[in-house]
Amino acid sequence: MTHAPVLKVENLQTRFKSVQRGKYVHAVDDVSLELYPGEIVGLVGESGCGKSTLGRTIVGLEKASGGRVLLDGVDLSGLSGAALRNSRRALQYVFQDPYSSLNERQTVGEALDEALLIGGLRSQHERNRRTKELLDQVGLTHAIKDRHTRELSGGQRQRVAIARSLAVNPRVLICDEPVSALDLSIRAQVMNLFLRLQRELGVACLFIAHDLSLVRQAASRVYVMYLGKIVEHGPSQELYDRPSHPYSQMLLASVPVVDPRVEKLRSAPLMVGEVPSPTSPPSGCRFRTRCPLAFDECARSTPPSYGLSPDHNAACVFAADLYGGKRSALVRQGAG
Amino acid sequence: MHDEPLLSVNNLTVDLLTAKSAVRPVDGVSYSVRQGECLAIVGESGSGKTVMNFAPLGLMPTGVTTNLSGSVRFDGQELIGLAEPEIRKFRGKSIGFIFQDPMSALNPVRRIGRQIAEMAELHLNMSPRSAEARALDLVKLVGISDPAARLRQFPHELSGGLRQRIVIAIALAGEPKLLIADEPTTALDVTVQAQILRLLKDLQQRLNMAMVLITHDMGVVAGAADDIVVMYAARAAECGPVDKVLVNPRHPYTKGLINAIPRRDDPIGSEFRGLPGVPPMLGAPIKGCAFAPRCELAVAACTRIRPSMVPISDRKVSVACSVVNQGKAAA
């Protein structure tokens, strides 16, 4: 993975006008990330932290108010018309809810055919051949192409949605919570499909999710987002073993375990309160209002990102201590 | 009297008839909850876990004919066969409800305080003034800071976690003996989920209520519940104390579900464990075991004979699987 990233996001910003006049919601604030060919990268955070907006901005569903998105080194903001459309084809989006992302009046065959036609495949014969190939790739039988999408189960629909996004031979898939609408017993099947696509087609995936254990197993690297900013990123194994931002530590510690013997010993919830409004985020470090380690300095300046090991960074003044185990955010707080 | 469970459901079957179709979302399920205990009902979507709790209380969409059979005894009274006005006396009073989505459970155009007080006026015959005072107490009880100011706010001004706390306050307004919580933390983030679960557990113990926790998340069950019923395709697959069922699951479906949860020691990039196949569509009752087509233990008899719930070993855990129960008999 020493070669160039297929997708590079540099200092991306997305802001929305607030209902309050003259105010803006900084949904994505100065975010940079990289995605290399054939890797699955996780993007985790609580709802409202801007992770979906980031995904949508990358594919152009939201307009960036600053920064750049580079696909194979080409800046998408400099393109327009046909050149932009061609580049965008390499960048596809898989939505969370397969019940609203498919046209219920279409059959599976029509849904795929349409995507192939838009992708520029003129010959009907070729499109039929490719439809079958796509169904194979996502593990559906050929007979399903005559069924309407409304007749399918959630898992089947999500497979069709994935097949549709693969129709144009993308290099990058942005997957926004692609399995959270699916039942637990079906989830694993779709997750394994992503692993296979990555292996066999070399598609790179940005996997946006709130389910931390799912991301750990699928992704080689993880970005943790809080209130519009990346607070920590690093290789999955190391980030989950040695989270080095107070937020990552507390987020990981909040995940319930299935073993009642462990859960019964759990002390009071670590994380107090909820995510502050992105309209008026806290000054300095955005996590300081919920952080047990925060002190005066945190309110004054935004902490820079500290390098901890190759490709592991955390934006906290205590990052090195947290990484080295000299400090922890996981101390019991007073009744709050 | 103290020995009788607060809620005891026996062989409950629910048939739903619409103009076009007939389905049986609940097929002969039995369970009970004692005062001061929490029972978790776990199942995937369509397993009947919600209908089972709401149909006997008349909470079904209009345009659907609901046929109930079996028995649901609450606090010494049979609920099945009661007329709507009678059931209404229980709903929201001695049985409180918490729904999944706190935004749609609240009235967006009325102030929080009024929505809580309304319940106290209706069910406890309080005057508006004393009901407002009770609303303030309840908002304090569910751990909301600056309670007096919150009462004057509208639901949209509050975050998801605060809204869910308000929904809990409303559910408690009628002084319920039983709290039915349908996926109370599903719409919330993992950090807020931990706070709400802790609150529910504390309240349940402090007020000595019985609680039925409907969820699909095994992690939620482990922290909050005493007992568990695992539902699959309208039927109960396994039930028993949480520390037995989750630690040592016996039914192949329960085993598969618990096994499917990613673990910390799973290697990165490794295959996800899951269950093969898909759950059956609701429709006519299935003849044999509903899980047989996806089950690795299934034998020919499984598709013919419906397994019954059989208590095993220490009699606290019951499993509906002929293969598992056969093995026990032989051993």
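Guide: In this predicted model, strand S11 of chain A, residues 306-309, pairs with strand S12 of chain A, residues 312-314. The sense is antiparallel. Three bridges join the two strands. One of the residues involved is Gly307(A), whose bridge partner in S12(A) is Asn313(A). S11(A) and S12(A) form a hairpin with two residues between the strands. Asp311(A) takes a positive phi there, near 65°.

Most residues other than glycine have a negative phi.

Asn11(A) also has a positive phi, near 45°. Asn11(A) sits in strand S1 of chain A, residues 7-17. Asn11(A) has 12 other C-beta atoms within 10 Å, so it counts as exposed; the cut-off for that class is 12 or fewer.

Chain B supplies another case. Ala234(B) has a phi near 75°, again positive in a residue other than glycine. Ala234(B) lies in the loop between strand S9 (227-232) and strand S10 (235-241) of chain B. Ala234(B) is buried, because 26 C-beta neighbours lie inside 10 Å and the threshold is 20 or more.

Now the setting of the hairpin. Chain A holds twelve helices and twelve strands. Its radius of gyration is 21 Å, close to the 20 Å of the globule rule for 336 residues, so chain A is as compact as a globular protein of that length. The C-alpha trace of chain A spans about 65 × 50 × 45 Å along its principal axes. Of the 336 residues in chain A, 49% are buried. Among contacts in chain A with a separation of 6 or more, 65% join residues 24 or more positions apart.

Terms used
Residues are numbered from 1 along each chain as its sequence is written. Chains are lettered from A and ligands numbered from 1 in the order in which they are written. This is a predicted model: local features need pLDDT of at least 70, side-chain atom pairs count only at pLDDT 80 or more; totals for chains, interfaces and linings use all residues. Helices (H or I, at least four residues) and strands (E, at least two) are DSSP runs, numbered from the N terminus. The radius of gyration is taken over C-alpha atoms; the globule rule is 2.2 Å times the number of residues to the power 0.38. Two residues are in contact if their C-beta atoms, placed from the backbone, lie within 7 Å. Two strands pair if DSSP finds at least two bridges between them.
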